Amino acid sequence: MASSLARRGLVALGMLMLLATPDQAAQALTIAPPGAPPGDGGGTDGGTLEPAPEPEPEPPPTWRFRHADKPVKVVVLAGSVGAWQRDPYAQHFENWCSNVEVENLSITGYGAFQLRQRFMDQVVANGYVNLRDPASEYWLVFQGGLNSVAMPEKTNKEIRQLFMSAHQRNMKVVALSLTPWGEESDSKRWKGLEGLTYQRYTQKIVDFELGRLTPEQALGRYLDARDQPDAAWDPAELADIGVDLYDSALRDRDAPLREIEPLRRELERSKAWKQRFAELDETTRELALDEFAQRAAELPRWFMRKELHSFDDIHPNEHGHRLIAQIACPQLPSSWGCSCPAVGADVPAGAE
């Protein structure tokens, strides 16, 4: 019994060694809208590994909240998922929550750094928005990070700074996590064992957005961005409400599993994986190989349900957006005055 527990402990240690690796010098994932020319991240592969562009200088903001009878003012800020035009989740929030007025500032192709800059340019520097108005309650709904998913610790650093900037200006924060994404045909990111890397990147951002990680786990080599690196989280660094969209009804939980034996053989041939498990005894190494082969086999069950795809595996269609809003709605503040449809209501199982 003791030896079995010891082996399991060593397997867990090996897993942590893999999960705790720092950001690689990876390029960010950028995703173009439908109809983009080849090479710009468009088409059926859902994106290419291209460096995320620096945000263009934006003109001075001119938007403003206009409805005095809506005391809860909500800014939605996300990448291309939030920028979806056909019945986006931001519109459902405004429709279902009687006290809410929404301004959707989401924009295609922006990673965490660019979204933080957009918040400063369009919200903080907006002379038409008085974030200190005692008659209004201000919220930021953030749902981003996929465009910089290959740099999870840097992404978390930028999201943390964004949350702090919002809190410093009298706003509260709802974090909608990244949504499920990926497809078997995406050989650049999800083929074989490579998918474990991208699932790990995604999960690290999700877990930070939901407040599940310690500062060291979330930020890694960017821990020194904090004034007190070893201190516990200050509430201002985290979202007030976190909504898990990644492990939700958006997931294809019934997807067929991959064959385990080819994945196990791929692990056994991998020099990098051999090095990581080199210090484990043979029995424990075999257990670890089995564990990671099983995880790789289950990756399709972390993809988005196919009937919720729009033009690719990353962007939900209008049914997916309605489902996002349904998942989030019961967790939104009572002050919003929301009347929430049941999760899955009016989301046809086979609708395209």
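Reply: What follows starts with the disulfides and then moves on to salt bridges, a helix and a cavity.

Keep in mind that this is a predicted model. Every value below is computed from it.

**The disulfides**

The structure holds two disulfides. A disulfide is a covalent bond between the sulfur atoms of two cysteines.

Take Cys97 and Cys338 to begin with. Their sulfur atoms sit 2.0 Å apart, and the two residues form a disulfide. Where do the two partners lie? Cys97 is in the loop between helix H2 (89-96) and strand E4 (100-104). Cys338 is in the segment after helix H10 (318-328). The bond therefore ties together parts that are 241 residues apart in sequence. The torsion about the S-S bond of Cys97 and Cys338 is about 100°, so this disulfide is right-handed.

Are the two ends buried or exposed? Cys97 is buried, because its relative accessible area of 0% falls under the 20% cut-off. Cys338 has 24% relative accessibility and counts as partly exposed, because that value lies between 20% and 50%.

Now the second bond. Cys329 is joined to Cys340 by a disulfide, with an S to S distance of 2.1 Å. The torsion about the S-S bond of Cys329 and Cys340 is about -75°, so this disulfide is left-handed. Cys329 and Cys340 are eleven residues apart, and each lies in the segment after H10.

The burial of this pair can be read off in the same way. Cys329 is buried, at a relative accessible area of 2%. Cys340 counts as partly exposed, at 32% relative accessibility.

How do the bonded cysteines pair when numbered in sequence order? The pairing is 1-3, 2-4. Cys97 goes with Cys338, and Cys329 goes with Cys340.

**Salt bridges**

Next come the charged contacts. How many salt bridges does a search of the whole structure find? The search finds 20 salt bridges.

Asp247 has two arginine partners to look at here. Arg251 forms a salt bridge with Asp247, and the closest N and O atoms are 2.7 Å apart. Arg253 also forms a salt bridge with Asp247, and the closest N and O atoms there are 2.9 Å apart. Asp247 itself is partly exposed, with a relative accessible area of 35%. Arg253 is partly exposed, at 40%.

Another pair is Glu286 and Arg264. Their closest N and O atoms are 2.4 Å apart, and the two form a salt bridge. This pair links distant parts of the chain, 22 residues apart. Glu286 is in helix H9 (residues 282-297), and Arg264 is in helix H7 (residues 260-269). Glu286 is partly exposed, with a relative accessible area of 32%. Arg264 counts as buried, at 10% relative accessibility.

Some salt bridges share partners. Through such shared partners, Arg116, Lys154, Lys157 and Glu158 are joined into one network.

**Helix H4**

Helix H4 covers residues 152-168. H4 has 17 residues and reaches 24 Å from its first C-alpha to its last. That is close to the 24 Å expected at 1.5 Å a residue. H4 is mostly covered, with 13 of its 17 residues buried. Asn170 follows H4, and the phi of Asn170 is positive, near 75°.

**Back towards H10**

Glu307 belongs to the loop between H9 and H10. Glu307 is buried, with a relative accessible area of 18%. The C-alpha atoms of Glu307 and His319 are separated by 8.4 Å, and these residues are twelve apart along the chain.

**Cavities**

A search of the whole structure finds two cavities of 30 Å³ or more. The largest cavity holds about 110 Å³ of space. Which residues come closest to its centre? Of the 13 lining residues, they are Gly79, Ser80, Val81, Gln143 and Leu146. The lining of the largest cavity divides into six nonpolar residues, seven polar and no charged.

**In brief**

Cys97 is buried, and so is Cys329. Cys338 is partly exposed, as is Cys340.

Terms used. Residues numbered from 1 in each chain as written. Predicted model: local features only at pLDDT ≥ 70, side-chain atom pairs only at ≥ 80, totals over all residues. Heavy atoms only, no water. Disulfide = S-S within 2.5 Å. Helix = DSSP H or I, 4+ residues; strand = E, 2+ residues; numbered from the N terminus. Buried < 20%, exposed > 50% of the residue type's maximum accessible area, 1.4 Å probe, protein only. 1 Å grid on protein atoms, 1.4 Å probe; cavity = no way out; pocket = protein on both sides within 12 Å on 5 of 7 lines; lining within 4 Å. Points joined across faces, edges and corners; volume = space filled by probe spheres on them. Nonpolar A, V, L, I, M, F, W, Y, C, P; charged D, E, K, R; others polar. Salt bridge = Lys/Arg side-chain N within 4 Å of Asp/Glu carboxyl O. Expected span 1.5 Å × (residues − 1).
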